[in-house]
Amino acid sequence: MEGFVNSSVEPSVPYCGFDWIELSDSAETLQTILLYIILIVGVASNGAVLFVITLTCELRTTSNIYVIVLCTANFVMLITFVPLKLANFRLTDHGLLVADLSAYQLQFYSNVSILALIILSFNRWRVVVKPMLNWDHTTKEHIIQLLIVLVITAVITLPWAFSYEEIPHPVGNGTIVRLRKEYITFTTYYGALLLYIIPLVLIGGFYASMARKLISHSGNIKASIRRHKRTHALRGRVACVVLGLVISFALCWLPNNLFLVMFVNNPGCILPKLFNFLFHWRLLAYTSNTCTDPLCVFLLGSRYRRHLIRLLHLEWVCGKSNDSLNLTSTATAGMNSCSIPLKPQSAPTT
């Protein structure tokens with residue numbers, strides 16, 4: 001969404017009827033330090049998620065395919081977008097093609113994330129609400145589904161490929177690149193509704209249905225049937241992981257969406273102090289989402305956490321012996337063979 005409003009516009013220059021307030025030197029230094037922290041922590045944590053899921057047969061499930069997609073989008077965004085910001089790279093100084101491709105690229109990663117979250121939430125919903133239906137798919141079908149998701153993402157991101165335009169230089173020869181004013185309002189509401197509000201409402205519906213199912217099921221189940229209780233509890237915990245990913249996405253991208261809506265509605269009259277604050281700090285908010293995603297997986301995903309400790313040989317951190325890190329029982333070990341690259345999502349494994 002950074003393609004909407006070019007952050008390279010000098011704060012002292014009136015833009016769209018509003019005078020930006022320049023950040024102090026200490027605030028700019030703090031912003032730079034935080035971006036470096038986000039870059040380092042984000043690359044390490046997202047890389048760890050990809051490392052663990054790729055090397056652990058038990059975690060190669062349908063839902064974790066989209067966790068991989070989510071973390072891959074975060075990883076690529078970190079290594080391509082954040083370094084340019086740290087280097088004060090001005091998109092408009094390098095031609096129309098570079099500016100449009102950069103705006104499209106950033107929005108593409110955001111759209112991949114929200115579509116992956118929708119599918120993850122749907123997978124949790126169908127496991128909890130419709131557990132008896134046959135949702136098994138082959139590896140080929142999983143790959144086809146993933147390609148369809150990427151194609152849909154590429155199509156719905158197309159408006160951002162035309163964010164900028166070339167116009168004659170107002171005081172000299174040549175041309176300059178600037179935002180297309182006619183696209184700002186359209187892409188703002190298009191992105192806020194189609195790629196933020198509607199997905200969150202849809203995901204909220206999935207979780208409301210799951211909560212209703214879990215409550216009704218816990219009331220009907222007999223206390224003596226411990227196995228079913230345990231399975232249902234595991235499904236609920238995996239749903240919490242996905243819910244944590246959704247909440248982190250909603251909170252981290254809220255400042256940017258709020259800023260854009262204010263931007264197209266006469267920014268000079270609507271809470272100017274808040275508007276200036278969002279203009280300068282929204283970048284940190286949505287880039288921090290690249291760190292909160294793997295953090296949610298680590299804090300809420302007990303199996304991922306234990307596998308990470310085992311693969312990195314960090315048993316001493318928890319003060320546990322190797323015997324205490326037995327991750328699967330004999331019964332489940334036979335079901336999680338490495339000969340099957342993608343096993344059906346019959347039980348939660350995040």
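**Notebook: salt bridges, a surface patch and a cavity**

Entry 1. I looked up R178 and found a salt bridge to E165, with the closest N and O atoms 3.0 Å apart. R178 sits in strand β2 (residues 175–179) and E165 in strand β1 (residues 164–168), so this pair ties together parts that are 13 residues apart in sequence. I note that the model is a predicted one.

Entry 2. R178 has 33% relative accessibility and counts as partly exposed. E165 has a relative accessible area of 15% and is buried, because the limit for buried is under 20%.

Entry 3. How many salt bridges are there by this rule? I get a count of two. E58 is in the loop between α1 (25–55) and α2 (62–80), while R303 belongs to helix α10 (residues 302–311), so the pair ties together parts 245 residues apart in sequence. Are E58 and R303 buried or exposed? I find both E58 and R303 buried.

Entry 4. L30, I33, L34, I37, I40 and V41 make a nonpolar patch of about 510 Å². I picked out L34 from this patch and placed L34 in helix α1. L34 has 30% relative accessibility and counts as partly exposed, because that class runs between the 20% limit for buried and the 50% limit for exposed.

Entry 5. Rolling a probe the size of a water molecule over the atoms shows where empty space is left. I count six cavities of 30 Å³ or more by this rule.

Entry 6. Which residues line the second largest cavity? I listed A73, N74, M77, Y109, S110, S113, W253, Y286, N289 and T290. Helices α2, α4 (96–129) and α9 (289–300) each supply at least two residues of this lining. By type, I sorted the lining residues into five nonpolar, five polar and no charged.

Entry 7. For my own recap, the E58 and R303 pair has both residues buried. In the other pair, R178 is partly exposed and E165 is buried. The lining of the second largest cavity has no charged residues.

Technical notes: Residues are numbered from 1 along each chain as its sequence is written. This is a predicted model: local features need pLDDT of at least 70, side-chain atom pairs count only at pLDDT 80 or more; totals for chains, interfaces and linings use all residues. Side-chain values use heavy atoms; hydrogens and water are left out. A salt bridge is a side-chain nitrogen of Lys or Arg within 4 Å of a carboxyl oxygen of Asp or Glu. Helices (H or I, at least four residues) and strands (E, at least two) are DSSP runs, numbered from the N terminus. Buried means under 20% relative accessible area, exposed over 50%, partly exposed in between (1.4 Å probe, protein chains only). Patches are made of residues with over 30% relative accessible area and no salt bridge: like charges are joined within 9 Å, nonpolar side chains (Val, Leu, Ile, Met, Phe, Trp, Tyr) within 5 Å. Accessible areas come from the Shrake-Rupley method with a 1.4 Å probe; for residues, only the protein chains shown count as cover. On a 1 Å grid over the protein atoms alone, a cavity is a set of points where a 1.4 Å probe fits but cannot get out, and a pocket is an open set with protein on both sides within 12 Å along at least five of seven lines; lining residues have an atom within 4 Å of a point. Grid points are joined across faces, edges and corners, and a volume is the space filled by probe spheres set on the points. Ala, Val, Leu, Ile, Met, Phe, Trp, Tyr, Cys and Pro count as nonpolar, Asp, Glu, Lys and Arg as charged, and the others, Gly among them, as polar.
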